[in-house]
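Thanks for making the time. I have one structure to show, so please look at the screen.

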Amino acid sequence: SLNLLRRRCAAQVHRQRPLGVLIATNFLTVLENFLLWSIYWYAPFFGVFVVELARTRGWYKGHELFQVGGRYWFTAGYRWRGVAALVIGMAFSALTSNTPYFRGTISANWLNGGDISAIGGFLMGALVYWLLCSMPDQRAAAKVAQ
């Protein structure tokens, strides 16, 4: 009876392991978990940002950043090429991570447990954004045709 109870408790703990990111016993564990999970977003975001900075040479018309339908409005206020590059970079970052709570497929199978989520997410986000921005823009082509 006691052995059965132990097995059930162990199975319950194993199923709820991802909740350990949110529930921790001390501040440093919470901080470490936050930083481990936030790298999935930060790395590809900065990759996209650096490529955009290089493309525009850091120069924007500030007043047009806030205009609906302005130069930087793109499609309904989103630059979908950037969003797509961010999502693809986030997925790659997750696949190449190795944390106590999540081990990505690429990390487990090809990197022998190595974690390259930060640099991999940065490079993948930057590469995908650069490739997508190299493609012809159909909105600009439509304006030229008019």
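I will go through the surface, then the aromatic rings, then the core.

This is a predicted model, where local features need pLDDT of at least 70, side-chain atom pairs count only at pLDDT 80 or more, and totals for chains, interfaces and linings use all residues. Residues are numbered from 1 along each chain as its sequence is written, and side-chain values use heavy atoms, with hydrogens and water left out.

Start with the surface. A nonpolar patch of about 1,200 Å² is made by Phe 27, Leu 28, Leu 31, Phe 34, Leu 35, Trp 41, Tyr 42, Phe 45, Phe 46, Phe 49, Val 50 and Leu 53. Patch residues have over 30% relative accessible area and no salt bridge, and nonpolar side chains (Val, Leu, Ile, Met, Phe, Trp, Tyr) are joined within 5 Å, like charges within 9 Å. A salt bridge here is a side-chain nitrogen of Lys or Arg within 4 Å of a carboxyl oxygen of Asp or Glu. Areas come from the Shrake-Rupley method with a 1.4 Å probe, and for residues only the protein chains shown count as cover.

Phe 27 belongs to helix α2, residues 27–56; helices are DSSP runs of H or I, at least four residues, numbered from the N terminus. Phe 27 is exposed at 60% relative accessible area. Exposed means over 50%, buried under 20%, and partly exposed in between.

Now the rings. How many aromatic pairs does a search of the whole structure find? Six. Rings of Phe, Tyr and Trp (its six-membered ring) pair if their centres lie within 6.5 Å; planes under 30 degrees apart are stacked, over 60 edge-to-face, and the rest tilted. Trp 37 and Tyr 40 have ring centres 5.4 Å apart and planes at 90°, so this pair is edge-to-face. Both sit in α2, three residues apart, about one turn of the helix. Trp 37 is partly exposed at 33%, while Tyr 40 is buried at 9%.

Phe 45 and Phe 46 are also edge-to-face, with centres 5.4 Å apart and planes at 75°. Ring pairs link Trp 41, Tyr 42, Phe 45, Phe 46 and Phe 49 into a cluster.

Last, the core. The largest nonpolar core has seven residues: Val 48, Val 51, Ala 85, Ala 126, Val 128, Tyr 129 and Cys 133. Such a core is a set of buried Ala, Val, Leu, Ile, Met, Phe, Trp, Tyr and Cys residues joined through side-chain atoms within 4.5 Å. Helices α2 and α5 (117–134) each supply at least two of its residues, and α5 gives the most, four.

Conventions:
Buried means under 20% relative accessible area, exposed over 50%, partly exposed in between (1.4 Å probe, protein chains only).
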